[in-house]
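Welcome! Have the sequence and the 3D view ready, and try each exercise before you read its solution.

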Number of protein chains: 2
Amino acid sequence: MAGKRHPMHHQPTDQTIGLGHGSGGAAMQQLIRDELLSVLPGQNPDALEDAAVLDLPPGRIAFTTDSFTVQPLEFPGGNIGHLAVHGTVNDLAMRGARPLYLSVGMIIEEGLPLDTLRRIVASLGEAAHDADVSIVAGDTKVVGRGQADGIFINTSGIGTCGPHAPSVAAARPGDLVLVNGTMGDHGVAVMIAREDLQVTADLRSDTAALYSLVEPMLAAGGEGIHTLRDLTRGGLAAGLNEIASSSGVGISVDSRAIPVRPEVGGVCEILGLSPYAVANEGKLVAMVAPDAADAVLEAMREHPLGADAAIIGEATDARTAERGAGATGLVRVTTAIGTTRVLELPAGELLPRIC
Amino acid sequence: MAGKRHPMHHQPTDQTIGLGHGSGGAAMQQLIRDELLSVLPGQNPDALEDAAVLDLPPGRIAFTTDSFTVQPLEFPGGNIGHLAVHGTVNDLAMRGARPLYLSVGMIIEEGLPLDTLRRIVASLGEAAHDADVSIVAGDTKVVGRGQADGIFINTSGIGTCGPHAPSVAAARPGDLVLVNGTMGDHGVAVMIAREDLQVTADLRSDTAALYSLVEPMLAAGGEGIHTLRDLTRGGLAAGLNEIASSSGVGISVDSRAIPVRPEVGGVCEILGLSPYAVANEGKLVAMVAPDAADAVLEAMREHPLGADAAIIGEATDARTAERGAGATGLVRVTTAIGTTRVLELPAGELLPRIC
């Protein structure tokens, strides 16, 4: 941690963010007015109020928060602005909630190029518009050089719940395990950008807002959709282990059924990673009652974000799952050669700052 | 900004936070379970869900977000955990909303001592309990050494609006200007801790949750309370200028009526600061119709957080206010010797990372 001295004070220029932009004074008001509000759709008259006052339809709401620290800030297929919207609206969608409102809190490092900030904020605004959510509250802080890393963005979101809220703790033995597409695309795209790897294949982040996919899934499967989980940090492996331990079930999946782009698989092999432990930003897993699974799968495949959807396994009675250390033995994967192994909850550092 | 290489990977120990605590794997689950959920009151069964599902009473809600980057993390009278709760519940209270739910997003720098994190989280939990809000959603990220500064905390909050929502844009000529106590206490306490100044006076942050004060104010003043604003970054000067420009009024205040602790005034003089431009974390300004002001003042003085409440000035017709550069000439202050000067919107760097 930095000590008690002030950081070097650089005079703000037209080109970079300075400390004065975060001090609550005139420079901050100008930054907010000229750079942030002007490009964010759905800006509302409450923008300069301490809190937005909102109307909500009656019923239960969903509420979530996520901070984004991805490095590099921009990568093939998106930037931190896209992630900040998609990550949070997807968390709402996983409870079956229609995303309505977002807050955006930015912590900016002194010296961030203003052009970079503009691109990120423009992407954030576009992603919010495409996801049909309004940004209704915001906050901007600036810290000195070396006290952050470019920009960190927190988004919190409010959505309205439908009649049925899937839960990470609601999977049951016999449920089928569905995913909406290929695993590991986001993590590999970020790693390639970060390590400046020379890869000729077109590898892009899968970052996307998933509610438009979840809506027809819920229409098709209703209460038969027990669990929805987006597969971000820790990827499929973390998602399945969280479901297994929260629901008290075992889960068996077959690697031969799990969609992975060959290029992603190849890069993972070079980097010594498993595509099942790498983050996605537009992928979910659904635990679905057997009698609803076909209809849900069909609904997924009719949507562009579910074109590669697949049934990859099933939930089992936890007592019959071979246990490893603690709950991590609950999830098993059948390999390409037909053997089975435990799919562990990823441990250790994995890929820091992937989202 | 950091380059493309991984930061140094330090093995996590029992004593500090390591990168593995932020990777979505087993170490993060353990951190959340053992260090965060265990000390936060109001933890609910949704803690491991992607989003919390909440019941709200019918009616409008208020929604706000704030990021906290104060340095040092701990200072006389509080720490960043207190600020993270008070700052956000106060933003809700300024719209007349009763705070109900909070999210907490933490970005932790690798190497943060675990004991420091425990103290901060314990304070955050206590402050939430005291403010009668439930922490229902959370997120934890860890970044490498030199990529953050100890810990940054974002909180977002939801509250339920009463029949009347005061607004920064609703002040009218003739309104009286009320504050609930002394100005500048928080900023001076942080500066003393940051600069390691040897000051014998007992100077402490005023950090506090204000809804319990706002509730009786609204009961006494009703729709006569046109505006409420908490006086954080930029202090009284920023708050009054924001009200003046948003409402299209002039504001005249009298320094002889503005409460300032003599010790705070003395330190400000040494540091070359104005106590009117220094942050508070438990102070508000209210713009109140003249016929309601006495009742509101009385209600404030009956509350411990309003014991030093005072009427410090009045709103005027903007056309009669002497204008300086842009809107900054709308606010004027009468000095101790009876002259008047413009109270500017603070410009430049002021006190970075004061909240």
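## Exercise 1: A threonine in a strand

Thr64(A) is part of strand β2 of chain A. Keep in mind that this is a predicted model.

**Task.** Find out whether Thr64(A) is buried or exposed, and which residues are in contact with Thr64(A), leaving aside its neighbours within four places in sequence.

**Solution.** 

Step 1. Begin with accessibility. The cut-off for buried is under 20% relative accessible area. Thr64(A) has 2% relative accessibility, so it counts as buried.

Step 2. Look at the contacts within chain A. Leaving aside neighbours within four places in sequence, Thr64(A) touches Thr88(A), Asp91(A), Leu92(A), Thr155(A), Ser156(A) and Gly157(A), among others.

Step 3. Now cross to the other chain. The contacts of Thr64(A) also include Asp50(B), Ala51(B) and Ala137(B).

Step 4. Zoom in on one of these partners. A polar atom of the Thr64(A) side chain is 2.6 Å from the backbone oxygen of Asp50(B).

## Exercise 2: Where the two chains meet

**Task.** Work out how many residues each chain gives to the contact, and how many salt bridges the rule finds across the interface of chain A and chain B.

**Solution.** 

Step 1. Count the residues. Chain A brings 93 residues to the contact, and chain B brings 93 residues.

Step 2. Consider the area. About 7500 Å² is buried between chain A and chain B, and carbon and sulfur atoms give 53% of this.

Step 3. Turn to charged pairs. The rule finds eight salt bridges across the interface of chain A and chain B. In a salt bridge, the side chain of Lys141(B) meets that of Asp66(A), at 2.9 Å from N to O.

Step 4. On the side of chain A that touches chain B, β6(A) supplies the largest share, with eight residues.

## Exercise 3: Two copies and an axis

**Solution.** 

Step 1. Compare the contact surfaces. Both copies use the same surface, as 100% of the contact residues of chain A recur in chain B.

## Exercise 4: An enclosed helix

**Task.** How many residues of helix α4 of chain A are buried, and what covers them?

**Solution.** 

Step 1. Go along the helix, residues 185-195. Here 11 of the 11 residues are buried, so the helix α4 of chain A is largely enclosed by the rest of the structure. Among the buried residues are Asp185(A), His186(A), Arg194(A) and Glu195(A).

Step 2. Find the cover. The elements over the buried residues of α4(A) include β3, α2 (80-93) and α7 (262-271) of chain A.

## Exercise 5: Backbone and cysteines

**Task.** Where is Pro72(A) found, is Asp132(A) buried or exposed, and how many disulfides does the whole structure hold?

**Solution.** 

Step 1. Start with the proline. Pro72(A) sits in the loop between β2 (61-68) and β3 (74-75) of chain A. The peptide bond that leads from Gln71(A) to Pro72(A) is cis, with omega near 5°. In chain B, Gln71(B) and Pro72(B) are likewise joined by a cis peptide bond, with omega about 5°.

Step 2. Move to the aspartate. Asp132(A) is in the loop between α3 (114-130) and β6 (134-143) of chain A. Its phi is positive, near 65°, although Asp132(A) is not a glycine. With 62% relative accessibility, Asp132(A) counts as exposed.

Step 3. Check the cysteines. The search over all chains finds zero disulfides. For Cys268(B), the nearest cysteine sulfur is that of Cys355(B), 16 Å away. That distance is too far for a bond. Cys268(B) is buried, at 1% relative accessible area, and Cys355(B) also counts as buried, at 5%.

Definitions and conventions. Residues numbered from 1 in each chain as written. Chains lettered and ligands numbered in written order. Predicted model: local features only at pLDDT ≥ 70, side-chain atom pairs only at ≥ 80, totals over all residues. Heavy atoms only, no water. Contact = heavy atoms within 4.5 Å. Disulfide = S-S within 2.5 Å. Buried < 20%, exposed > 50% of the residue type's maximum accessible area, 1.4 Å probe, protein only. Helix = DSSP H or I, 4+ residues; strand = E, 2+ residues; numbered from the N terminus. Buried area = accessible area lost by both parts, 1.4 Å probe. Salt bridge = Lys/Arg side-chain N within 4 Å of Asp/Glu carboxyl O. Polar contact = N/O pair within 3.5 Å; in protein donor to acceptor, adjacent residues only side chain to side chain.
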